[in-house]
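Let us walk through this protein model step by step. Keep the structure in view as you read.

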Amino acid sequence: MPELTADDFADRRHRAVSQAREAGLNGLLITPGPDLAYFTGYNPTAVTERITMLVLRSDDDPALVVPLLERGDALKCAGIDGVEVLGWRDGNDEYEITARFLRSGGRYAISDSAWAMHLLGLLRTLPDCTYAAFTDVLPMLRAVKGPREIDLLAAAGAAADAAFADILDVSFAGRREIDIAEDLARFLRAHGHEQVDFTLVCAGENGADPHHDASERVITDGDMVVMDFGGLKDGYGSDTTRTVHVGDELTDEERDVHRIVEEAQQAGFEAVRPGAACQDVDRAARLVITDAGYAEYFIHRTGHGIGMTTHEPPYMVEGEEHPIEPGMCFSIEPGIYLPGRFGVRIEDIVVETESGARRLNNTPREVQVVR
């Protein structure tokens, strides 16, 4: 897979500045995390109280303000060509130095992950500037992925699928949720994940809590078990959910609920097309569950974007009218949660293409039996 070039990073910055200008912004203030890595390839090993900030301006070249002791590392990054890198020394007023690249009275978007102390420092230095979070003013800044990003997301999805195939061969009955969660984390790493973000294992009544973390609860024959797991592989995210049954004897209700969630997930997938609103995916999946009489038990949005983080815009939820565009990657994960009894969720990552939706997870969606 080819590496990103300096031109690729420059193109990302150019597109971001264009979006900022269209939104009436004077620029973007980008701090360590996925945003900074996306625009420069620079990912500081230690994020501290020292300000590090990339300033993308609508009327001038980009500038990166970094602690002087870290400037050498920043200069080695593939995406730093064309960026002025200014190192500041301990004891300097780093906010006054950063403010040199901002326009008095300007309006700027700032990374959601920015430390409050840095934003407050800029406010003290330039009190007539205004700031807004990326999510509020440029929510789709990283939403449309390029071909290489889609390849990386597909590889991460395939690795998560391989981890699911592995987990089907382990023993469930008589073991704790945390034991299965540890197995999932081990399998994700074995298939190339450098970071495991979550391994939710929710047996029986715990499956009715969508974000139940793995506990000491012992899994027994007859349990439905919801497993939601993912992380980062080569810097891009995976996130998939499957619901399995321990032992052969599913009740009629368990079969019916699982089938309804399968149908809802498929309906959400079929609603994905260029120009459709993000909320249309939610509506399609939710209609299946509503028509089956379980509307009150589907208690979360249908999906979220994924990229350099496992949760990011776009969101598949009622009220999100932004059109789906080729290159957008997001989850489709309807669920039914019956309090005190069991839950079912099925989740795939999907990418929109010019010719329609494509799944990045391809393990069986029908209920799997484990022992």
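Helix α1 (residues 6-22) lies across β1 (27-30) and β2 (53-57). Its direction makes about 65 degrees with β2. Helices (H or I, at least four residues) and strands (E, at least two) are DSSP runs, numbered from the N terminus. Axes are lines fitted to C-alpha atoms, for helices over the stretch in contact, and angles run from 0 to 180 degrees between N-to-C directions. Helix α5 (residues 116-125) also packs on the sheet. Helix α5 touches β1, β2, β5 (107-110) and β6, where contact means heavy atoms within 4.5 Å.

This is a predicted model: local features need pLDDT of at least 70, side-chain atom pairs count only at pLDDT 80 or more, and totals for chains, interfaces and linings use all residues. Residues are numbered from 1 along each chain as its sequence is written, and side-chain values use heavy atoms, leaving out hydrogens and water.

Now the sheet itself. It is open, with 6 strands in the order β4-β3-β2-β1-β5-β6 and mixed pairing. Two strands pair if DSSP finds at least two bridges between them. β4 (84-88) and β6 (130-133) stand at the edges, each with a single partner strand, so one side of each lacks a neighbour in the sheet. Strand β3 (residues 63-67) runs parallel to β4, and 5 bridges join them. P67 stands opposite W88 in β4.
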